[in-house]
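Hi,

Here is the structure we talked about. My notes follow below it.

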Amino acid sequence: HSIGKLLGEIPVLLSKEKFYRVVFYFSDSSDLVAKEIQSNVDQAIELPWNLSQAQKIIAKEELDILFYPEIGMDPLTFYLAFARLAPIQCTTWGCTGTAPPNIDYFFSSKHLETPISLENYHEKVILMENLIPYYVKPHIPSKLKSRQYFGLDEHSHLYLCPQSLFKIHPDFDSLITEILSQDQQGILVLIQGKHPAWTKKLKQRFEKTMPKVSNRIHFLPRQSPEDFTHLVMLAEVMLDPLYLSGGNTTYDSLITGTPIVTLPDQFQCSRITYACYQQMGMMDCVAHDEKSYVDLAIAIATQPNLRNQLKQRIQQTSQALYENKVAVDELEVILQQLSANS
């Protein structure tokens, strides 16, 4: 799961000397990531798929701090967050906005929030210097698969947007239209939805909103992690969608050096790729408006020298995103302060 990849290492890496680390998991949490977390903390407690029983089990532990890695991706976790089960309850950007009323703190980053976004939280927002994920560095294959392997034309300019299809907002259609209209060699590659109906509905929308270029939009099957990396490396440029930025996708892709063009707005859920670039100290691929987004994407796709320069810089600077123990150290200090002041 995306949250396991972003935050799963944190309870394992928190100091055993400073914290007693308890992880709660639901009964179907049996994948390798879950098992690794469960076996490397002080206590792992299974929760039943029953809200009232789960609340009682958590409350019985008399925790100092209850930390939700996400709120809203799962119904049971969402409703658990409405209860007061510990004196300090917090979450982070696995939740894409303000959480239920009994959440006291929201762990974010100084680059993820704006004055406007901060007005929309009821909880106190903690602006960390570092992005909170401890993300294990993805593997880079030594031998690259061909575009032919994916059924893609070798001579096209490949614009890749491998996001979940629910992130493709209708406002993004006009940018896609401009890019493909100006770059006649361009093709856009998307990944089919988790449910076939998602793909079908988006294709129907594209046929209505961009009839002249929709034939150059390709939907590939969902990829294995290895093939996903190959696909990213084959692309000239990646497109971050409007309003809902890539999260795992950004972390999994920047290690390859493939440029991601992004356009942040005033809210946290659009600013993850932007915040990654901030942590890297490289802002060359950040657009300022829709026109600059289109111009930048086309320039990267059609100018090999520019693309290669950006790729080298991204490969050098993206190391700041991976296995960043400094972020865990910063989190430890904040958690200790919160507990001492409660």
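**Aromatic pairs**

Phe172 is buried, at 1% relative accessibility. Buried means under 20% relative accessible area, exposed means over 50%, and partly exposed is in between (1.4 Å probe, protein chains only). Before going on, the ground rules. This is a predicted model, in which local features need pLDDT of at least 70 and side-chain atom pairs count only at pLDDT 80 or more, while totals for chains, interfaces and linings use all residues. Residues are numbered from 1 along each chain as its sequence is written, and side-chain values use heavy atoms, with hydrogens and water left out.

The partner of Phe172 is Tyr293: the two form an edge-to-face aromatic pair, 6.2 Å centre to centre, with 85° between the planes. Phe172 sits in helix α7 (residues 172–182) and Tyr293 in helix α12, so the pair ties together parts 121 residues apart in sequence. Tyr293 is buried too, with a relative accessible area of 0%. Helices (H or I, at least four residues) and strands (E, at least two) are DSSP runs, numbered from the N terminus.

The structure holds 13 aromatic pairs. Rings of Phe, Tyr and Trp (its six-membered ring) pair if their centres lie within 6.5 Å; planes under 30 degrees apart count as stacked, over 60 as edge-to-face and the rest as tilted. Tyr149 and Phe150 also pair edge-to-face, at 4.9 Å centre to centre and 85° between the planes. Tyr149 is partly exposed at 47% relative accessibility. Phe150 is buried at 9%.

Phe78, Tyr79 and Phe82 form one aromatic cluster. Tyr79 and Phe82 turn up again with Leu51, in a nonpolar surface patch of about 280 Å². Patches take residues with over 30% relative accessible area and no salt bridge; like charges are joined within 9 Å, nonpolar side chains (Val, Leu, Ile, Met, Phe, Trp, Tyr) within 5 Å. Areas come from the Shrake-Rupley method with a 1.4 Å probe; for residues, only the protein chains shown count as cover. Leu51 belongs to helix α4 (residues 51–60). Leu51 is partly exposed, at 32%.

**Salt bridges**

The count is eleven salt bridges. The rule is a side-chain nitrogen of Lys or Arg within 4 Å of a carboxyl oxygen of Asp or Glu.

- Glu236 and Arg147 form a salt bridge, with their closest N and O atoms 2.7 Å apart. Glu236 lies in the loop between α9 (225–234) and β10 (237–239) and Arg147 in the loop between β6 and β7, so the pair ties together parts 89 residues apart in sequence. Both Glu236 and Arg147 are buried.
- Glu129 and Lys110 meet at 2.7 Å, N to O. Glu129 is in the loop between β6 (124–128) and β7 (157–160), Lys110 in the loop between β5 (105–109) and α6 (115–118), 19 residues apart. Glu129 is partly exposed at 48%, and Lys110 is partly exposed at 40%.
- Lys291 and Asp295 bridge at 2.7 Å between the closest N and O atoms. They are four residues apart in helix α12 (residues 290–302), about one helical turn. Lys291 is exposed at 60%; Asp295 is partly exposed at 33%.

**Helix α11**

Why is helix α11 largely enclosed by the rest of the structure? Eight of its nine residues (272–280) are buried. Among them are Tyr274, Cys276 and Met280. The buried residues pack against α10 (248–254), β11 (260–261) and α13 (304–317), where contact means heavy atoms within 4.5 Å. Just after α11, Gly281 takes a positive phi of about 75°.

Best wishes
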